Amino acid sequence: MSFENPGAFWALSSLALLVIFSLWRQAAARTVVPSVLLWKRIPERNPPVRALRRPKWRLELLLQALAIAASIAALAGPFVTTSRPKARKIALVFDTSARMREGGRIERMKEEARRLWNGALAGDEKRIFASIPAPQALSSIDEVRGIDAHVDLEPLLAAARQGAEHVIVFTDRPLGGAHTVLLGAAGGNAGITELAVTDEEVFVRLAHHGATRKAVIRVAWAGRVVEETILLGAGRGWSRREDFSRADEVSVTLDGGDGFPLDDSVRAVRLGSARMVAAFDGEMPLLVRALGAVPGVVVRPGGGEARLSVAVDRPPSKAPFSVWLHSPEGRFLPRAWGPMTHPLAAGLRPAELGQGGVGELPREFKQGEPILVADGRTVAALAGGVLHLSIDLAPRGWASTPSFPIFWKNVVDFASRGASAFAVVRTGRPYDLPSRASEIIRAPPGALYSLSPEGRFLAYTQGEYVVRTPEGDRRVEADLLDEEESDTAGLTRVLDWDPQAPEGREFARRGLGGWAAALALLAVILAWVLQRRSE
Amino acid sequence: MLFDEVFLRKLEALRFAVRRSIAGRREGERQTKRRGGSSGFISHRSYSQGDEFRSIDWNLYGRLGQLYVKEFAREEALPVRLFVDTSRSMAPKFDFARLLGAVLALVANQEGNSIPLRAIEDLQVGTPFALPTIGRGLAIVVSDLWDESLRPSLSRLHCETAVIHVLSPEEVEPSFEGKLRLVDSESGENCVRFVGDEERAEYRKLLAAHVADWKRWCFDRDVNYLRCSSGTPVEEVVQVYLREAGVLD
């Protein structure tokens, strides 16, 4: 215990005055005598000094001394200083990606978080962050739920780091700049990461994260089913030519023998006719071939009226949507690519894009919406219905990789605004429905999705959705996961930080002056009562 | 109240010593000036009409030729009244006063009185105490005499009176000291005094003057006065003090 004004204790010397005064003015003790007749004739006098040598310590005097001492103590400002671990500001971040459904990891994450919340982090200020589907702060761990899409943790971490001293991420992959609780699951998952369906062919890209094994792939359409046993390797494509022209829906199922079903089945749903004329001005057989491979596309050399026009190193002919290919200037091999979130970049592999080198767009063409950015330089940009692209299209470069036909399929899809024959919707990625699609009239229970006025559909929950259009209600199936979500194994590791490690203590001062004053008042009252009783 | 046999035998020998002739209503062991038929001759007087012939002294008639009547003193019981002060101030010495009263009652009963001992035993301190007016006999008052109103009451006793002034040892020699609120046991009146050696000495002087005043007051009124301490054994008070004071023979 300490005192703010210890000098006040000098006033304790007044206790000596109290004792002397009390001895001098002792209260008369009550004594009954047969008669006071004679005593009244004896004059009253103050006690002689020698009487002071026989002090009588009475309770009344002790209470008076206590009152004085307590009053002085109150004036001295007594206080005690208590300390406790300083409350830290901690953000709990949950990776709600689809793969975390494997092995019940969403619930395991919540359970682990609750244990920390009520245990080592009990005295801290805590906030909860998760992408459901947008990065957001939650008020309770119970609100955490998984989504059927990939979650980019970077924007979530950026939000969580604001004002937080420590960030704890519950995920299955090591991260930098944050403490992590890793919860892995069974590995060896195999799943479908790409699906493209034309009237003549179905193409499937498979991912496999286990040992080589056999699996059965099944294609069903218009009452027909085709099965094929394949050998799952590290990753491969699979295609089959069939007549799908009269099918409204083509479903592909992979019986991979794993416990993660979300990427085992994909459906392509026909939205409408895909007949589209694409005008190409230039000499580039690989490009013509890629465009021609897109179902419903008719490539016409030269200019003329077309829905899509493509030109190399010159302005393309007038069309609702055009692609202007620029031969790269200042060619460089990119080391890092920016986010590829635009539908035109969907499914592209960065490593394949830069194989032949890329170039930065001239200043006048890179003012639009950046589509591809490499090493901080804009490689592709969309401005006024024209896509400018500066990538080497040499035969041994990007044009020879799977990303090349995927890109042109994206271009055709974007130009036709969802009017292609079969729509394949990937969760977590925007899909441009026919522009006159007005609303989603049916969705899976509890589904997370959005539909912009421009017809951009974004689903975070797998399942069947029904879109209202002037031509009638159209069915859309959202079930294709991001490729990253197929790797469900991850790592298991306890929190790589000791949350109970002392990080300083905060001190609080608790004043006791009020108690001392109350004690003084109580002592005064008791002394007064005793004095009244003795009288 | 128990007295041993020896003390009771000693009591049988005791009589009240009365200085004035007392006329009692009942005939007892005591001779009074009232002429009566007992054997104790007092004097002769002239015969008057109505006297009994038996009382005429025929021998004197033979010598003198006149009728004279013999007067005899009549032996009567001595009426004794006991008054034991029951005021609150008597509390410290009430047992002594009650015991002394019982002894005096026994002596009185030996002289033909019938004072019930039960009445003395039933006395309780704190009850009002007052003296009635008495015309004859012997009145014995046992009191601490702190009540000044006793003086007029005693003055109204027109009989042989003995006052036994009882004080407790604490009243004679107070042992208390220090600053005291002295409360009167009877009136509740109080006064605050510091009691030390000087005050005790002054008190002793005042008490001596108080006792002397009562003694003088009694002497002036032919009242027998005796002061005794309640710390003194009753036997000693009876055998010595009361006899020395002339209350008992």
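1. Some ground rules. This is a predicted model, in which local features need pLDDT of at least 70 and side-chain atom pairs count only at pLDDT 80 or more, while totals for chains, interfaces and linings use all residues. Residues are numbered from 1 along each chain as its sequence is written, and chains are lettered from A and ligands numbered from 1 in the order in which they are written.

2. The main core. A nonpolar core here is a set of buried Ala, Val, Leu, Ile, Met, Phe, Trp, Tyr and Cys residues joined through C-beta atoms within 7 Å. Buried means that 20 or more other C-beta atoms lie within 10 Å of a residue's own, exposed means 12 or fewer, and partly exposed is in between, with C-beta atoms placed from the backbone. The largest such core has 72 residues, and A:V93, A:L195 and A:V250 have the most contacts inside it. Domain 2 (87-186 + 488-503) and domain 3 (190-270) of chain A both contribute residues, so this core lies between them; the domain bounds come from an automatic or database domain assignment. A separate core of 47 residues includes B:L14, B:M90, B:I120 and B:L242.

3. Around A:V250. Contact means that the C-beta atoms of two residues, placed from the backbone, lie within 7 Å. Leaving aside neighbours within four places in sequence, A:V250 touches several residues, among them A:V197, A:V219, A:W221, A:F244 and A:F422.

4. The antiparallel sheet. Helices (H or I, at least four residues) and strands (E, at least two) are DSSP runs numbered from the N terminus, and two strands pair if DSSP finds at least two bridges between them. Five strands of chain A form an open sheet with antiparallel pairing, in the order β12-β11-β14-β15-β23. β12 (224-232) and β23 (422-423) are at the edges with a single partner strand each, so one side of each has no neighbour in the sheet. Nine bridges join β11 (residues 213-221) to β12(A), and A:V219 has A:V226 as its bridge partner there. A:R224, in strand β12 of chain A, counts as exposed because it has 12 C-beta neighbours inside 10 Å.

5. A buried strand. What encloses β19 (residues 321-325) of chain A? Five of its five residues are buried, so β19(A) is largely enclosed by the rest of the structure. A:F321, A:V323 and A:L325 are on one side, with A:S322 and A:W324 on the other. β18(A) pairs with β19(A) in the parallel sense over five bridges, and A:V310 is opposite A:V323. Four bridges join β19(A) to β22 (residues 386-389) of chain A, also in parallel, with A:S322 partnered by A:V386.

6. Helix α5 of chain A. In α5 (residues 285-293), the buried residues are A:L287, A:A290 and A:L291. They cover an arc of only 95 degrees around the axis, which puts them on the same side of the helix; the arc is that of the directions from the helix axis to the C-beta atoms. Their cover includes β16 (276-281), β17 (297-301), β18 (308-312) and α7 (403-416) of chain A.

7. Between the chains. 21 residues of chain A are in contact with 27 residues of chain B. Strand β2 (residues 29-33) of chain A pairs in the parallel sense with β7 (residues 178-184) of chain B over five bridges, and B:V183 is the bridge partner of A:V32.
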